[in-house]
2 protein chains.
Amino acid sequence: MARVRLIDVAERAQVSMKTVSNVVNGYAHVQPAMRARVQAAIDELGYRPNLTARRLATGRTGMIALAMPEIDHPYFGEMASHLADIALERGYRVIIEQTLSDPEAEKAVLQDREAGLVDGVIFQPTRMATLDIARLHDDLPLVLLGEVDAPVTTDHVMIDNVAAAHDAVAHLLASGRQRVAFLGLVDGDITMTNRRRLLGYQEALVAAGVRLDPELVLHAHGFDSHDAEAAVEAAVERGLEFDAILSRDDRFAAGALTALRRRGRSVPDAVAVVGWDDSAIAGYTSPTLTSVAPDKRALATRAFDLLHERMHGHHGAGRHVVVPHAIAVRASAPAG
Amino acid sequence: MARVRLIDVAERAQVSMKTVSNVVNGYAHVQPAMRARVQAAIDELGYRPNLTARRLATGRTGMIALAMPEIDHPYFGEMASHLADIALERGYRVIIEQTLSDPEAEKAVLQDREAGLVDGVIFQPTRMATLDIARLHDDLPLVLLGEVDAPVTTDHVMIDNVAAAHDAVAHLLASGRQRVAFLGLVDGDITMTNRRRLLGYQEALVAAGVRLDPELVLHAHGFDSHDAEAAVEAAVERGLEFDAILSRDDRFAAGALTALRRRGRSVPDAVAVVGWDDSAIAGYTSPTLTSVAPDKRALATRAFDLLHERMHGHHGAGRHVVVPHAIAVRASAPAG
DNA sequence: AGATGACTTTACAGCGCTGTACATTGTGGT
DNA sequence: ACCACAATGTACAGCGCTGTAAAGTCATCT
């Protein structure tokens, strides 16, 4: 059966196409009787508007792209889930762009709009410096997730990574820990996020009068939890003393737990561990993971809000929105 | 700056729009000189084709919808990641439909095509009976993921759940377990998948000459890992004896691990646990989780292949494709 | 009664692209 | 030199919808 078009409905209801269009779009000034007549024709014919045609006519696609490094990473999965939710609520569809942290893929993201594909993009960059993004993105409505390394004209939404790291370390110190390691520097990670977390970590130690020890900053050679595992094992191996770990994310923290278990260091007795992201992982590990908890819903909501404004013509300077965070306390680093 | 259109390029290159179109689309019969001239104009003007217009003209959207209950579930996240990969490779975009297991949302999925949004849909239903799907789906190219409850005209891709459950139980029995519980019946779960897993579980026990004990089939009251936790705790509480658990998915298995730990039952010594999905979770739990491992890449590839054929006019009967599975052996249920 | 203005509905161009039908050019055979 | 035929390029309609401008309708005002 051929698709039913607007004009078919119009003929059936003996009205103009535009009137049908008005009914479909809920335009106010349509007589109830007329509306009912048209609606009847729509129902009888089972008419569904063709969104592609509407897009061409209106210039709006009703879609946004969501560009993230990996959709199967728990944090990004949760963010995607929230954003899909919110977008649906506001009448947008979401198309997924998985960059896999490939610079080319990240660049391509910024050109989708030029292709008329989406009205805007929410983008969590990992390989692209913010300045490059700013340079490339023309007038594409764009909101960045995560830290930026320069005050540019692009909107972005984030938590206060310095304060969050500070809070996490304070939590550890308050529970009596003395030697807090930071697990998270990764070769080739050029994003600002981690540097700010490291900064907050250092600030909290200094504020508490604890001497900084560069040895306590652990490096991993990759982004996988096994890389974290290896880093922690190596630290234990070389005799590094520490009674707490603040990790860049929950996956790394899970790797740390594995390494500590294997080395016979009990958690949280010998070593407390704090993860980051408060992802579902935190509930599956043993012990469960205390984790820095960005308000993901707020992150998603604010990002969408900013994007919405941009898509509706807002042209001001880049805005930096900070959303709340908390420390989700679980077994791996209990209070007190 | 206004968008550059095909006609702008045509004027610049002093040729017809169609010739530019031919160059853009790589049509064979264009003289190299002509091609170069047009390409130059394209480059100078920075022309990008408008995909919406192309869609309207061709009737193809180049997009597929991926409909799953939760994008932040590790299994679905991994499937989405594979599918996004494959789709990108084959020149399709993926739009995400998160149904959250809402029957209305599932119904809406089937109508997207009517709206001209996508060329096809890959759909993992949870609340909708397959027959309803078949009845609703018209000629929308559609491939189902997961078991179906009746031989219908819809394509679908799955693993052999009976055999997989059988294999999992066989693995447990081979390692000397006698009393294997099945954790996974959930109130309100109407999908066939679990029934087939239960069937495979029973078959394997019977084949090994072990008497079936209905007590060993554990019920949960919801889909969350806490529900599984509660079910296992309740079982221990009422004195049920078992030395192994086969779980419907890894999240449930993680819940079981938590319950067992709290009850002082060591894993795998006292109780072996086998999860299902071989998701990332399996690596984060302690002990790590032995898990039934569907070949997710194959699942995604085959699903896309079937969909591709449907989108290109294949109209045969519903095909049922079975992809391989394995048992990913980890610490919670070691061999031997 | 005729004019006024608010509310409804209509007609039609046009969003940017591609498919079709046709015009033009070039090649080789006779 | 002429024709048939393939290879290239062109013109234009039309995909299905919405925006705009204009036309029609009707109650109210003078």
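**Group meeting: salt bridges, an interface and a covered strand**

Let me start with one residue: at 14% relative accessibility, A:Glu233 counts as buried. Keep in mind that this is a predicted model. So what does A:Glu233 form a salt bridge with? The partner is A:Arg262, and the closest N and O atoms are 2.6 Å apart. A:Arg262 sits in helix α11 (residues 250-262) of chain A and A:Glu233 in helix α10 (residues 225-237) of chain A, so this pair ties together parts 29 residues apart in sequence.

A:Asp85 and A:Arg297 form a salt bridge, with 3.2 Å between the closest N and O atoms. That one links distant parts of the chain: A:Asp85 is in helix α5 (residues 74-89) of chain A, A:Arg297 is in helix α13 (residues 296-311) of chain A, and they're 212 residues apart. Buried or exposed? A:Asp85 is partly exposed, with a relative accessible area of 25%, and A:Arg297 also counts as partly exposed, at 31%.

Over in chain B, the side chains of B:Arg319 and B:Asp155 meet in a salt bridge at 2.7 Å, N to O. B:Arg319 comes from the loop between α13 (296-311) and β11 (320-323) of chain B, while B:Asp155 belongs to strand β5 (residues 155-159) of chain B, so the pair ties together parts 164 residues apart in sequence. Here B:Arg319 is buried, with a relative accessible area of 18%, and B:Asp155 counts as buried at 0%.

Now for the interface. There are 43 residues of chain B in contact with 43 residues of chain A. Between them, the two chains bury about 3,600 Å², 56% of it on carbon and sulfur atoms. The rule finds eight residue pairs in polar contact across the interface of chain B and chain A, both residues at pLDDT 80 or more. Which elements of chain B each supply at least two residues of the side that touches chain A? Those are α4 (51-58), α5 (74-89), β2 (93-98), α11 (250-262) and α12 (281-284). The residues on that side of chain B divide into 18 nonpolar, eleven polar and 14 charged.

For salt bridges between chain B and chain A, the count is two. One of them joins B:Glu97 to A:Arg93, with the closest N and O atoms 2.6 Å apart.

Last stop, strand β10 (residues 290-294) of chain A. Five of its five residues are buried, so the strand is largely enclosed by the rest of the structure. Both faces of β10(A) are covered, with A:Thr290, A:Val292 and A:Pro294 buried on one side and A:Ser291 and A:Ala293 buried on the other. What does β10(A) pair with? Strand β9 (residues 272-276) of chain A runs parallel to β10(A), joined by three bridges, and A:Val274 has A:Thr290 as its bridge partner. Strand β12 (residues 325-328) of chain A runs antiparallel to β10(A), joined by four bridges, with A:Ala293 opposite A:Ala326.

Key:
Residues are numbered from 1 along each chain as its sequence is written. Chains are lettered from A and ligands numbered from 1 in the order in which they are written. This is a predicted model: local features need pLDDT of at least 70, side-chain atom pairs count only at pLDDT 80 or more; totals for chains, interfaces and linings use all residues. Side-chain values use heavy atoms; hydrogens and water are left out. Contact means heavy atoms within 4.5 Å. Buried area is the accessible area (1.4 Å probe) that two parts lose on being put together, summed over both. A salt bridge is a side-chain nitrogen of Lys or Arg within 4 Å of a carboxyl oxygen of Asp or Glu. A polar contact is a pair of N or O atoms within 3.5 Å; within protein, one must be able to donate a hydrogen and the other to accept it, and residues adjacent in sequence count only if both atoms are side-chain atoms. Ala, Val, Leu, Ile, Met, Phe, Trp, Tyr, Cys and Pro count as nonpolar, Asp, Glu, Lys and Arg as charged, and the others, Gly among them, as polar. Buried means under 20% relative accessible area, exposed over 50%, partly exposed in between (1.4 Å probe, protein chains only). Two strands pair if DSSP finds at least two bridges between them.
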